[in-house]
Amino acid sequence: MAKKQKLSQRLFSALLSFLLHGRSTRPPAVSSRTTAAAVTASPPHPSTLHNHHSSSCPPMEDKLTVPRTLILDVDTGLLLPSSSLFPYFMLVALEAGGYVRGMVLLLLYPIIFCMGGDSDAAVRVMAMVAFCGLRASRFRAGCAVLPKWFMEDVAAEGFETMRMSGAAGGRRVCVTRRLPRVMVEGFLSEYLGAEAVVGREMKVLWGFYTGLMVEEDEVVLEEKKKKIMGECGDAVGFCGSPEFLRHPLSRCCKDIYLVTREGRATWQALPRSKYPKAVVFHDGRLAFLPTAGSTLAMFMWLPFGISLGAARLVVALTVPYRYSTPILAATGMSWRLKDGGERPPLQGADGDERGRRRGQMFVCNHRTLIDPVYVSVALDRQVRAVSYSLSRLSELISPIGRTVRLTRDRDADGRAMARLLERGDLVVVCPEGTTCREPYLLRFSPLFAELSDDVVPVGIAVETAMFYPTTAGGLKCLDSLYYIVNPRMCYTVQFLERVSTAAVREGKMPSADMANLVQKTMGDALGYSCTMLSRKDKYRMLAGNDGKCSSAAASRNHSS
């Protein structure tokens, strides 16, 4: 009887090894209740599979106290179990491909759902629709659009595992078994500090994605394995599904910790305060995660939203502020003046020798292209906005008239703004130089502090429901149009106390210090964090350039 039991145990072990590894070697010993008999009956394999948080196995924290390579399964060991892959492919389809491609993917959703949602076949169908025909050299959604949404789906428990490995000096290798590597590599390396990312590749033909996902070449994967392991003789694996054991890199692990389905069900999203790196910049038009239901609602809204946006635009251009404000608010396009609705007195600095009053400079943070419009609405006075670049379409539909175009030539730009102040104009300037969606303030250019004896800081906050009215890699001429087709949106304008900049004009204080002081004052009032990031940092991350227009375009802007 004992011999028959021992033989059946060996047969069961061989069958389990074949299913997991596709070979007849002895399987990893599993420290779980269901296989306790098999573990005690046969000696443990060098690669041991542990049930995470089980009292019968050594804690994973002990394994990561020394520099060891961590091989983490992204699909089940990092992201929340409730995370669906469909929204990520929809983001690629809409942001990189367009609305027609997104519509096709949405129409295929019932078939994708019947195929298993996140099954291998369903993922291949979604990848085909989302990627087929995209130019590989221009694909930036993986580093510009997706990281924001991936960060919101990171589990605190999976991130803590990566943090412990990094704190001990170990290498962190992420394995994505379902998502293409091009979708997750930017997020994992830039925000979570992964030293290597291994996953499926999107096949490229003549510079375009074919939509086919292929496994990494065995020779390339073997070279990666040698590079990943380095001088370290073993690694630790972390996953939430036995399917991870089929991946070639799992064979490099001396210990693999498996989180049960019940354990993953208790995982919580990583709080924003614990992000290893703040998500300051991100691109894309969608202000919501495009699940199947929300994407359907967006496509149903668009025809009505375009008509409503046209009506809003007509009212904004033809009706005075005091009457257009309640009309637009009734359609969902509202604004409010914070702190009791107090507007600053329009008395500027001291008059010149002729007794003529100088103009007033308003310094505001930059959220969208229409920030000066709402400053003008809040003041109930026409203002002159200065900007480095603005499309002809945006200028045409602006209710405050033509914008003064700057050239990024410090002396020429300073003279242009000084002339406006001398004429008595109300000048609105955004010293950040580019928009920022998140609650952060970019570095302020100090030029404004050298032109006037005092400035009025203006805090701007924007809420939108469906679309972001800013872009780094898309068509900027559509920014204002995207804003007015939102179902609802709200601008908040907050006038702060005047800040005297006379010390800069008198040479008693550097203009950069004054700019930092105004930035801090505005950040404290808005509850935003101040950074030293600039326009160049934003465009290099999101668009792969420094954000400057061509010299020919700059010349045209200057002449206008």
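## Rings and a pocket

Biologist: Why does F467 count as buried?

Modeller: F467 has a relative accessibility of 1%. The cut-off for buried is under 20%, so F467 counts as buried. This is a predicted model.

Biologist: And what makes Y482 buried or exposed?

Modeller: Its relative accessibility is 15%. That is under 20%, so Y482 is buried.

Biologist: How many aromatic pairs does the rule give?

Modeller: The count comes to 14 aromatic pairs. One of them joins F86 and Y109.

Biologist: How do you know that F86 and Y109 pair, and why is the pair called edge-to-face?

Modeller: Their ring centres lie 4.8 Å apart, with 65° between the planes.

Biologist: Why is the pair of F467 and Y482 called edge-to-face?

Modeller: The centres are 5.4 Å apart and the planes 65° apart. The angle is over 60 degrees, so the pair is edge-to-face.

Biologist: Where do F467 and Y482 lie?

Modeller: F467 is in the loop between β15 (454-464) and α20 (479-484). Y482 is in helix α20.

Biologist: Which residues do ring pairs link into a cluster with F86?

Modeller: Ring pairs link F86, Y109 and F113 into a cluster.

Biologist: How do you know that the charged end of K148 sits over the ring of W149?

Modeller: The charged end lies 4.9 Å from the ring centre. The distance limit is 6 Å, so K148 passes that part of the test. R264 also sits over a ring, that of W267, 5.6 Å from its centre.

Biologist: What is the volume of the second largest pocket, and what lines it?

Modeller: The volume is about 630 Å³. Of its 25 lining residues, the closest to the centre are E95, A96, D283, G473 and G474. Helix α5 gives the largest share, 3 residues.

Biologist: How does the lining divide by residue type?

Modeller: It divides into 14 nonpolar, 5 polar and 6 charged residues.

Methods. Residues are numbered from 1 along each chain as its sequence is written. This is a predicted model: local features need pLDDT of at least 70, side-chain atom pairs count only at pLDDT 80 or more; totals for chains, interfaces and linings use all residues. Side-chain values use heavy atoms; hydrogens and water are left out. Rings of Phe, Tyr and Trp (its six-membered ring) pair if their centres lie within 6.5 Å; planes under 30 degrees apart count as stacked, over 60 as edge-to-face and the rest as tilted. Helices (H or I, at least four residues) and strands (E, at least two) are DSSP runs, numbered from the N terminus. Buried means under 20% relative accessible area, exposed over 50%, partly exposed in between (1.4 Å probe, protein chains only). A charge sits over a ring if NZ of Lys or CZ of Arg is within 6 Å of the ring centre and within 35 degrees of the ring normal. On a 1 Å grid over the protein atoms alone, a cavity is a set of points where a 1.4 Å probe fits but cannot get out, and a pocket is an open set with protein on both sides within 12 Å along at least five of seven lines; lining residues have an atom within 4 Å of a point. Grid points are joined across faces, edges and corners, and a volume is the space filled by probe spheres set on the points. Ala, Val, Leu, Ile, Met, Phe, Trp, Tyr, Cys and Pro count as nonpolar, Asp, Glu, Lys and Arg as charged, and the others, Gly among them, as polar.
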